[in-house]
Amino acid sequence: FAVPEWPDFNLSKGRTARRLAVLFGYVFAWMALAAFLPTRPTLAQQILSEVRDAEQDNFFEQHIRPALVKYCYECHAADTEASGGLLLDSAAGWKAGGDSGPAILPGQPLESLFIRAIDYEDSNLQMPPEGKLPEDIIQAFTAWVAQGARDPRQATGSQPTVRTSGLPVEEAQKHWAYRPLV
């Protein structure tokens, strides 16, 4: 039984070394190029995204919308005085915000005025004024905002106009009734 002789793989000389170097160069170049090319989502990724969206819509309909209707629409709906200029009965309303700016910052529950107000963290900003919401509702709102505040409510043909109550903050600070006594 004879053992076959192994080929010489000395990469420092000959055409084999050059061919391998060129091959590795092409492979490296394609890998570097592929890192910068935009990729299209695969069918599985698209389906997963749609499932996530459906789960978030379901969460909104089961937990968020009923709480908004029960605790918020009385003062923050298009057919009310829109207290503080904030409308919570539409996605466009909360995205526009109120007199104090954007109420909900999707993905940022700790920075969202809405979450600070319902959590009673700020003594000057507490909603609803009748008392703090149950903890499970606060947690649901916080989770909803943390997950991106997906709001499946469809916009109607015309966006509601915000009817503010009172003066805007800038004008109120100039009003004689709010100036310090001299």
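Tutor: Let us begin with Pro 109, which, leaving out residues up to four places away in sequence, touches Ile 115, Thr 142, Val 145 and Ala 146. Please keep in mind as we go that this is a predicted model.

Student: Okay, where is Pro 109 found?

Tutor: Pro 109 sits in the loop between helix 3, which covers 91-96, and helix 4, which covers 113-118.

Student: And how far apart are Pro 109 and Thr 142, in sequence and in space?

Tutor: Along the sequence Pro 109 and Thr 142 are 33 residues apart, while in space their C-alpha atoms are 5.8 Å apart.

Student: Is Pro 109 buried or exposed?

Tutor: Pro 109 has a relative accessible area of 14%, and because buried means under 20%, that residue counts as buried.

Student: What about Pro 102, where is its place?

Tutor: Pro 102 is also placed in the loop between helix 3 and helix 4, but its relative accessibility is 44%, so it counts as partly exposed. If we set aside residues up to four places away in sequence, Pro 102 touches Gly 97 and Leu 113.

Student: Let me zoom out. How many helices and strands are there in the chain?

Tutor: The chain has six helices and zero strands, and if you read along the sequence you will find the pattern α-α-α-α-α-α.

Student: How much of the chain counts as buried?

Tutor: Of the chain's 182 residues, 24% count as buried. As for the surface, the chain exposes about 13500 Å², and carbon and sulfur atoms supply 59% of that area.

Student: And what share of the contacts join residues at least 24 apart?

Tutor: If we take the contacts in the chain between residues at least 6 apart in sequence, 52% of them join residues at least 24 apart.

Student: Now the helices. At what angle do the axes of helix 2 and helix 5 cross?

Tutor: Helix 2, residues 43-71, and helix 5, residues 135-146, have axes that come within 10 Å and cross at roughly 120 degrees. That makes helix 2 oblique to helix 5, and the crossing of these two helices is left-handed.

Student: Which residues meet there?

Tutor: From helix 2 the residues are Phe 59, Phe 60, His 63, Ile 64, Ala 67, Leu 68 and Tyr 71, and they meet Ile 137, Ala 140, Phe 141, Ala 143 and Trp 144 in helix 5. Sorted by type, the residues of this contact divide into 11 nonpolar, one polar and no charged.

Student: Last topic, backbone angles. What is the phi of Tyr 120?

Tutor: Tyr 120 has a positive phi of about 60 degrees although it is not a glycine. This tyrosine lies in the loop between helix 4 and helix 5, and with a relative accessible area of 22% Tyr 120 is partly exposed.

Student: And the phi of Ala 149?

Tutor: For Ala 149 phi is near 50 degrees, again a positive value in a residue other than glycine. Ala 149 lies in the loop between helix 5 and helix 6, the latter covering 169-174, and with a relative accessible area of 4% Ala 149 is buried.

Student: What kind of peptide bond joins Met 127 and Pro 128?

Tutor: The bond joining Met 127 and Pro 128 is a cis peptide bond, with omega at about -10 degrees, and Pro 128 is found in the loop between helix 4 and helix 5.

Key: Residues are numbered from 1 along each chain as its sequence is written. This is a predicted model: local features need pLDDT of at least 70, side-chain atom pairs count only at pLDDT 80 or more; totals for chains, interfaces and linings use all residues. Side-chain values use heavy atoms; hydrogens and water are left out. Axes are lines fitted to C-alpha atoms, for helices over the stretch in contact, and angles run from 0 to 180 degrees between N-to-C directions. Helices (H or I, at least four residues) and strands (E, at least two) are DSSP runs, numbered from the N terminus. Angles under 35 degrees count as roughly parallel, over 145 as roughly antiparallel, 65 to 115 as roughly perpendicular and the rest as oblique. A crossing is left-handed if the near helix is turned anticlockwise from the far one by less than a right angle, and right-handed if clockwise. Contact means heavy atoms within 4.5 Å. Ala, Val, Leu, Ile, Met, Phe, Trp, Tyr, Cys and Pro count as nonpolar, Asp, Glu, Lys and Arg as charged, and the others, Gly among them, as polar. Buried means under 20% relative accessible area, exposed over 50%, partly exposed in between (1.4 Å probe, protein chains only). Accessible areas come from the Shrake-Rupley method with a 1.4 Å probe; for residues, only the protein chains shown count as cover.
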